[in-house]
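Please look over the sequence and the model shown here before reading on.

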Amino acid sequence: MGPIVACIKGQDMEKMDIKFSKVLGHIKSSVGIDKMLCIGICWGTWYAFKMSVKHDCFTAIAGPHPSLGIEGIYGGNPVTLAEQVKCPAFLLPAGNDPDDVKEKILRFARAAVAVGAMKGKSYLSNTQRKE
């Protein structure tokens with residue numbers, strides 16, 4: 001395991017969630033805001049996704065240079081996490097990200113937009129089959 005992965009794995013997610021919950025509670029009680037926009041850079045995008053799933057506290061997430069692969073370090077699946085996000089997410093790959101990473105992020109972003117647009121709706125085709 002490399003030093004970066006070890007550092008990530010060494011983070012106590014339970015403690016981070018407790019701190020986030022306290023901050024969220026303070027914002028709600030002192031300012032009266034239930035939901036907000038979140039900009040999460042790199043690892044912050046992953047954390048914003050996690051908190052969106054757990055707390056449903058964001059109206060949208062913007063993620064420059066997103067590192068959603070961190071979910072895999074914790075034994076999860078980044079695609080499954082993304083499917084659970086409860087708000088629109090705008091992901092911005094960095095200019096020096098490899099082309100395959102950029103393409104994966106763009107595919108994910110397009111899928112997230114489509115899922116968000118269809119959430120809570122059902123669609124039926126009006127085309128009729130000719131026999």
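The paragraphs below cover the overall layout, then the strands, then a helix packed on them.

This is a predicted model, in which local features need pLDDT of at least 70 and side-chain atom pairs count only at pLDDT 80 or more, while totals for chains, interfaces and linings use all residues. Residues are numbered from 1 along each chain as its sequence is written, and side-chain values use heavy atoms, with hydrogens and water left out.

The protein chain contains six helices and three strands; helices (H or I, at least four residues) and strands (E, at least two) are DSSP runs, numbered from the N terminus. Along the sequence, the pattern reads α-α-β-α-β-α-α-β-α. Of the 131 residues, 26% count as buried (under 20% relative accessible area, 1.4 Å probe, protein chains only). The accessible surface of the protein chain is about 9,000 Å², and 60% of it belongs to carbon and sulfur atoms (Shrake-Rupley method, 1.4 Å probe). Among contacts (heavy atoms within 4.5 Å) with a separation of 6 or more, residues 24 or more positions apart account for 60%.

The three strands form an open sheet with parallel pairing, in the order β1-β2-β3; two strands pair if DSSP finds at least two bridges between them. At the edges are β1 (36-39) and β3 (89-92), each of which pairs on one side only. The twist from one strand to the next averages 10°. Four bridges join β1 to β2 (residues 58-64) in the parallel sense, and Cys-38 has Ile-61 of β2 as its bridge partner.

Helix α3 (residues 43-55) lies across β1, β2 and β3 and runs at about 160° to β2. For this angle, axes are lines fitted to C-alpha atoms, for helices over the stretch in contact, and angles run from 0 to 180 degrees between N-to-C directions.

Conventions:
Buried < 20%, exposed > 50% of the residue type's maximum accessible area, 1.4 Å probe, protein only.
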